[in-house]
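Thank you for asking me to look over this structure with you. Please keep the sequence and the 3D view open while you read, so that each point can be checked by eye.

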Amino acid sequence: MAGKVFFSVTMSLDGFIAPEERMDDPDAQRWMAQWMELQQWIFPQRFFRENLKLGEGGEEGRDNDIARETFERTGASVMGKRMFDLGEQAWPEEAPFHTPVFVVTHEKRDPWERPGGTTFHFVNDGIETALDQTREAARDRDVRIAGGGATILEYVNAGLVDEFSIALSPVLFGSGIRLFEGVDAGRVALEPVRAEPTQRVTHLTYAVRER
């Protein structure tokens, strides 16, 4: 039986999942500082440190459990070209996915295999073809829409997302990339699944239904 299609992101309290500037802008340092502040809950977690080989130790608790559960449920991921381009520059040689990743792009490119079990596949036939290939690779595990925001929104508006989780971070951006900017609100309905506050963030999970 096929697993769920889901996404999991960190969002600022005013609704943004990334700063406005791109990483290749002259003000990239400010972009990175904002992004690090948004994601600060994940960096101390033991699982995050283990997965990126940052050394031993780290926090254990519900935040750590959720990070691990998200990783373990994911059989394969799909992402947009912009996220891949940024990640290709930033990820370590052993990319942190350790599963197949399918990149939605217009670029034709051979699969790119990385140490540790991550292979990037490049799909030129749109989001549905990419999802079909990702489902097949994931087998009975879940498919994660890794990002970025525009790709997540495409899948939500196409009715292809079953569930999502938000780590609501206690920071304010004022501007940036909104998670649901342009959502087809007439088509999408949400059903609360759970809310789990921790000392660092509040984890919110919703099932997605067609309105």
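The numbered points below go through the sheet, the helices, the salt bridges and a few backbone details.

1. The model is predicted, so local features are given where pLDDT is at least 70 and side-chain atom pairs count only at pLDDT 80 or more, while totals for chains, interfaces and linings use all residues. Residues are numbered from 1 along each chain as its sequence is written, and side-chain values use heavy atoms, with hydrogens and water left out.

2. Please begin with the sheet, which is open and has nine strands in the order E5-E6-E4-E3-E7-E1-E8-E11-E10, with mixed pairing. The labels follow DSSP runs numbered from the N terminus, where helices (H or I) have at least four residues and strands (E) at least two; two strands are said to pair if DSSP finds at least two bridges between them. Which strands are the edge strands? They are E5, residues 112–113, and E10, residues 188–197, each of which pairs on one side only.

3. E10 and E11 (residues 202–210) pair in the antiparallel sense over nine bridges, and a hairpin of four residues joins E10 to E11. Within this part of the sheet, Glu-196 stands opposite His-203 in E11. E11 also pairs with E8 in the antiparallel sense, over six bridges, and here Tyr-206 in E11 is the bridge partner of Phe-164.

4. H4 lies across E3 (74–80), E4, E5, E6 and E7, and runs at about 100° to E3, whereas H5 lies across E1, E3, E4, E6 and E7, and runs at about 160° to E3. These angles, on a scale from 0 to 180 degrees between N-to-C directions, come from axes that are lines fitted to C-alpha atoms, for helices over the stretch in contact.

5. How many salt bridges does a search of the whole structure find? The search finds 16, with a salt bridge taken as a side-chain nitrogen of Lys or Arg within 4 Å of a carboxyl oxygen of Asp or Glu.

6. Glu-163 counts as buried at 7% relative accessibility, while Lys-4 is partly exposed at 40%; buried means under 20% relative accessible area, exposed over 50%, and partly exposed in between (1.4 Å probe, protein chains only).

7. A second salt bridge joins Lys-53 and Glu-94, with the closest N and O atoms 3.7 Å apart. Lys-53 is in the loop between H2 (46–51) and H3 (62–73), and Glu-94 is in the loop between H4 and E4, 41 residues apart, so that this pair too links distant parts of the chain. Lys-53 is exposed, with a relative accessible area of 59%, whereas Glu-94 counts as partly exposed at 26%.

8. Not counting residues up to four places away in sequence, Thr-119 touches Thr-99, Pro-100, Val-101, Pro-111, Trp-112 and Glu-113, with contact meaning heavy atoms within 4.5 Å.

9. A cis peptide bond, with omega about -5°, joins Gly-147 and Gly-148, and Gly-148 is found in the loop between E7 (142–147) and H6 (149–157). His-98 has a positive phi of about 60° although it is not a glycine, and His-98 is placed in the loop between H4 (81–90) and E4 (100–104). Arg-139, another residue other than glycine, has a positive phi near 60°; Arg-139 lies in the loop between H5 (127–138) and E7, and counts as exposed at 68% relative accessibility.
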